Amino acid sequence: MAGTKQIKTALISVFHKDGLEDLLKKLNENGVKFLSTGGTQKFIESLGYECQKVEDVTSYPSILGGRVKTLHPKVFGGILARRDNEGDREQMKQYDIVPIDLVIVDLYPFEQTVASGASAEEIIEKIVIKKDGRKSGAKNFKDVVIVPSKGEYAMLGDILAAKGAQTELEERKKFAERAFAVSSHYDTAIHEWFAK
């Protein structure tokens with residue numbers, strides 16, 4: 001079926017780890033390879049799963065106090081590449097870019113940080129830039145599954161339980177819709193804070 005896509009590689013970078021364990025187990029059972037950064041990578045490895053470091057793919061470490069981790073063509077090329085586009089496939093081969101079929105990300109607790117009375121500096125650091133991975137995955141839903149928050153873990157878990165690590169176009173489109181909803185809410189909260 002043309003709309004069916006197999007999940008082979010997952011980029012996972014989350015602030016909240018609760019609920020992730022069961023999903024990782026199902027993904028691992030289906031032979032999905034993990035790619036991650038920092039605390040998430042350590043969490044995945046603590047469960048006994050192999051996990052490739054993003055910095056091994058990009059050849060750059062996490063820099064600027066963790067502000068720059070995944071922002072690199074080898075990561076975003078893997079998310080945004082159109083699998084049915086010959087030019088994209090040729091460039092992926094030319095630049096040794098591996099397709100990323102699943103992106104699991106979440107957001108720092110921006111609203112909770114504001115509500116806690118934190119300083120402006122602390123609040124600014126809770127503005128997530130990696131959410132571009134969320135929008136990139138959503139934009140390329142034809143080929144990529146984007147899980148934008150732990151609220152969608154059960155949705156992906158049900159798919160994995162029912163048919164393994166493969167998804168249909170309509171399922172990926174639903175995840176994309178959720179990704180833009182999560183981003184929209186988050187961006188609105190940030191806008192309202194700046195507007196004050």
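Buried means under 20% relative accessible area, exposed over 50%, and partly exposed in between, with a 1.4 Å probe and protein chains only. Helices (H or I, at least four residues) and strands (E, at least two) are DSSP runs, numbered from the N terminus. The model is predicted, so local features need pLDDT of at least 70, side-chain atom pairs count only at pLDDT 80 or more, and totals for chains, interfaces and linings use all residues. Residues are numbered from 1 along each chain as its sequence is written, and side-chain values use heavy atoms, with hydrogens and water left out.

**Stop one: helix H2**

Select residues 38–46, helix H2. Colour its buried residues: Thr-40, Gln-41, Phe-43 and Ile-44. They sit on the same side of H2 because they cover an arc of only 160 degrees around the axis, taken from the directions from the helix axis to the C-beta atoms. Now turn to the face away from that buried side: Lys-42 and Ser-46 are exposed there.

Next, show the cover. The buried residues of H2 are covered by elements including strand S2 (9–13), helix H1 (20–29), strand S3 (33–36) and strand S4 (52–53). Then step just past H2 to Gly-48, which has a positive phi of about 95 degrees.

**Stop two: strand S5**

Select residues 102–105, strand S5. Leu-102 and Ile-104 lie on one side, Val-103 and Val-105 on the other, and all are buried. In a regular strand the side chains alternate between the two faces of the sheet.

Two strands pair if DSSP finds at least two bridges between them. Find Ser-13 opposite Val-105 in S5.

Notes: Contact means heavy atoms within 4.5 Å.
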